[in-house]
Amino acid sequence: MRHWPLTALELTTAELVLRLPSDDELDSLAQVAADGVVPDGAVYFPQPWASAPPAERARSVLQNHWWARGDWTSENWRLLLAVFHDGQVIGQQNLSARGFAATGEARTGFWLGRRFQGQGYGTQMRAAALALAFDGLGAARVTSTAFADNAASRAVSRKFGYRPNGVHRVAVDSHPYDVHEEVIEAAGWHGHTKTIPVDTAGLSGCISFFR
Ligand SMILES: CC(C)(COP(=O)(O)OP(=O)(O)OC[C@H]1O[C@@H](n2cnc3c(N)ncnc32)[C@H](O)[C@@H]1OP(=O)(O)O)[C@@H](O)C(=O)NCCC(=O)NCCS
């Protein structure tokens, strides 16, 4: 799309492709969410979208993508990428920032449909987001937050050598949850043994969208 060059941005790992979805692909992503993202009763997000009824969960995925695009400025952006495996949509990888040109700080978030979890895709998704942030956009640091009992999400951060950056408490449906923030700095990323190659295409045409 000429006037939304983010549509040409594409990150490729050994098994995955990450890019903006078309509306039809977004509908498939919404269906993946409707089919299930978190185990019954688990709370892994401050906004409890993932434990809403399936139709509501699906709609919130659509609206979140449309909102993120509609609300985009270079001062405050949220890149929500669909993740494809063998041409099939399996989940979502986020990279977002506020005041990135000044702070050099971005944050990530991610989710996969339940049937696609535990197969190493989350690790490849995070690698793609970090490659875009550090190698592509010149980030200084990237943060990630995870609820205390979200072992898989925290394990992914550990694998990349993030360090703890504090714990805060949030209320979800009136219950308190500890949320761990972890951070990785550029030196940590560049010093990390990169066993997950990431190919980035289409960034030059949209770099002004980020900073
Ligand atoms: C979090 C998530 C994206 C991680 O993706 P994934 O593909 O499942 O993770 P991976 O298969 O790449 O596994 C990463 C590591 O976590 C470990 N891990 C996975 N599940 C685990 C569990 N339940 N307990 C402990 N470790 C676990 C894996 O062993 C792996 O480490 P290893 O390679 O050293 O063995 C995915 O599980 C998910 O979508 N979960 C539900 C939504 C969610 O929690 N999103 C994040 C909110 S912060």
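Helix H2 (54–70) and strand S3 (76–85) each contribute at least two residues to the lining of the largest cavity; helices (H or I, at least four residues) and strands (E, at least two) are DSSP runs numbered from the N terminus. The model is predicted, so local features need pLDDT of at least 70 and side-chain atom pairs count only at pLDDT 80 or more, while totals for chains, interfaces and linings use all residues. Residues are numbered from 1 along each chain as its sequence is written, and side-chain values use heavy atoms, with hydrogens and water left out.

The largest cavity holds about 50 Å³ of space. Its lining consists of Leu6, Leu20, His65, Ala68, Arg69, Trp72, Arg78, Leu79 and Leu80. By class these are six nonpolar, one polar and two charged residues (Ala, Val, Leu, Ile, Met, Phe, Trp, Tyr, Cys and Pro count as nonpolar, Asp, Glu, Lys and Arg as charged, and the others, Gly among them, as polar). The second largest cavity has a volume of about 30 Å³. Ala127, Phe160, Trp189, His192, Thr193, Lys194, Thr195 and Ile196 line the second largest cavity.

The largest pocket has a volume of about 1300 Å³. It is lined by 49 residues, and those closest to its centre are Tyr44, Phe45, Gly109, Phe110 and Trp111. The lining comprises 22 nonpolar, 22 polar and five charged residues.

The ligand sits in this pocket, meaning that more than half of its atoms lie within 2 Å of the pocket's grid points. It is surrounded by 21 residues, the closest being Leu112, Gly120, Thr123, Asn150 and Lys159; a residue counts if one of its heavy atoms lies within 4 Å. Strand S5 (105–112), helix H4 (121–136) and helix H5 (151–159) each supply at least two residues of this shell, and H5 gives the most, with six.

A ligand nitrogen is 2.8 Å from a polar backbone atom of Phe110, and a ligand oxygen is 2.7 Å from one of Leu112. A backbone N or O atom of Gly120 also lies 2.7 Å from a ligand oxygen. The protein buries 69% of the 940 Å² that the ligand exposes when taken alone (Shrake-Rupley method, 1.4 Å probe).

Definitions and conventions. A polar contact is a pair of N or O atoms within 3.5 Å; within protein, one must be able to donate a hydrogen and the other to accept it, and residues adjacent in sequence count only if both atoms are side-chain atoms. On a 1 Å grid over the protein atoms alone, a cavity is a set of points where a 1.4 Å probe fits but cannot get out, and a pocket is an open set with protein on both sides within 12 Å along at least five of seven lines; lining residues have an atom within 4 Å of a point. Grid points are joined across faces, edges and corners, and a volume is the space filled by probe spheres set on the points.
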